[in-house]
Amino acid sequence: CFLGQLVPVMGELAYAQKRAYRHNPLVDHQHYSKTLIKPQPKEILHARYFENAELEVALRAFDIDADIPVLHEWVNLDYSKKYWQMDGPIENLEEAYIKHLGVDYSHPYIGLINREPTFTIELYWATKDEVGKYYPFQVGDYGFHMLIAPAKKNIHNYSFYALATCMEYFFSHSKVQRMIGEADVNHQGTHHLITKVGCEFYQSLTLPYKTSNLTFCTREQFRNATQDVLADSRQEILMNI
């Protein structure tokens, strides 16, 4: 065929190959962070102190032995059944998380408020996650799902503090270029929370299991949205001896 006819065809083929390349589990790890996807177990990975150091928010890797019983309580609460959709017997939850911990593109974390497990946040690399098939992803995109347990006492802004601490840790890794959120369109509370840390609405996203609000947050957007609250907190406790 003529070169003029061949070039457009080759261009389309190259684009298709590039997309397939990005979803290939063996290649394109330029923006893959093993530190985030396979974190060290049982140690505190990041912490920040708010409210004059009276409130510690900390993050650690998921421990299946210690955390499954706690998570099982959370996912079976009435308010979390609809959006988390993992309620049921503990054996089913354990099996799901064994499989989850076996993948190489996602990891669940446990968040602690004053050293007590209070929330979970799942980080995933969008390039290889299912959601990456439904929007024009960038290879530095990392997404998250978050479930916060009911507070045992009234703590002002603790959901915001929790998410800001997590985002700060994720953005501290240079391979994370952009955080994406995909909260269910009906879950306005979550959508409001993630916009407080800098996430901006991009479009409605129709997935096989839900319709979501797709949001993007760059490192700069996060810093602009949280600079005041982070400036009023600390990453370590200062003690006068």
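**Rings.** Before anything else, my rule for aromatic pairs: rings of Phe, Tyr and Trp (its six-membered ring) pair if their centres lie within 6.5 Å, and planes under 30 degrees apart count as stacked, over 60 as edge-to-face and the rest as tilted. With that rule, ring pairs join Phe-50, Phe-160 and Tyr-161 in a cluster.

**Ground rules.** I'm working on a predicted model, where local features need pLDDT of at least 70 and side-chain atom pairs count only at pLDDT 80 or more, while totals for chains, interfaces and linings use all residues. Residues are numbered from 1 along each chain as its sequence is written, and side-chain values use heavy atoms, with hydrogens and water left out.

**More on rings.** I count nine aromatic pairs in the structure. One of them is Phe-160 with Tyr-161, a tilted pair at 6.3 Å centre to centre with 35° between the planes. Buried or exposed, Phe-160 and Tyr-161? Both are buried; my cut-offs are under 20% relative accessible area for buried, over 50% for exposed and partly exposed in between (1.4 Å probe, protein chains only).

I also looked for charges over rings (NZ of Lys or CZ of Arg within 6 Å of the ring centre and within 35 degrees of the ring normal). Lys-196 has its charged end over the ring of Phe-160, 4.8 Å from the centre. Arg-178 does likewise over Phe-216, at 3.7 Å.

**Sheet.** I take helices (H or I, at least four residues) and strands (E, at least two) as DSSP runs, numbered from the N terminus. Two strands pair if DSSP finds at least two bridges between them. What is the strand order in the sheet? I read 1-2-3-4-5-6-8-7, eight strands in an open sheet with mixed pairing. Strand 1 (44–50) and strand 7 (200–206) are the edges; each has a single partner strand, so one side of each lacks a neighbour in the sheet. The twist averages 25° from one strand to the next. Axes here are lines fitted to C-alpha atoms, for helices over the stretch in contact, with angles from 0 to 180 degrees between N-to-C directions.

Strand 1 pairs with strand 2 (residues 55–61) in the antiparallel sense over six bridges, and I find His-46 opposite Leu-59 in strand 2.

**Helices on the sheet.** Contact, for me, is heavy atoms within 4.5 Å. Helix 3 (residues 64–75) lies across strands 2, 3, 4 and 5, at about 90° to strand 4. Helix 8 (residues 219–231) lies across strands 1, 7 and 8, at about 80° to strand 8.

**Cores.** A nonpolar core is a set of buried Ala, Val, Leu, Ile, Met, Phe, Trp, Tyr and Cys residues joined through side-chain atoms within 4.5 Å. The largest has 39 residues, and those with the most contacts inside it include Tyr-109, Phe-119, Ile-121 and Leu-163. Which helix gives the most to this core? Helix 6 (residues 158–171) does, with eleven residues. A second, separate core has 14 residues, among them Trp-84 and Tyr-97.

**Loops.** Lys-42, in the loop between helix 2 (34–37) and strand 1, has a positive phi of about 70° without being a glycine. Lys-42 counts as exposed, at 67% relative accessibility. Asn-157, in the loop between strand 5 and helix 6, also has a positive phi, near 65°. Its relative accessible area is 28%, so Asn-157 is partly exposed. I made a note of these because most residues other than glycine have a negative phi.
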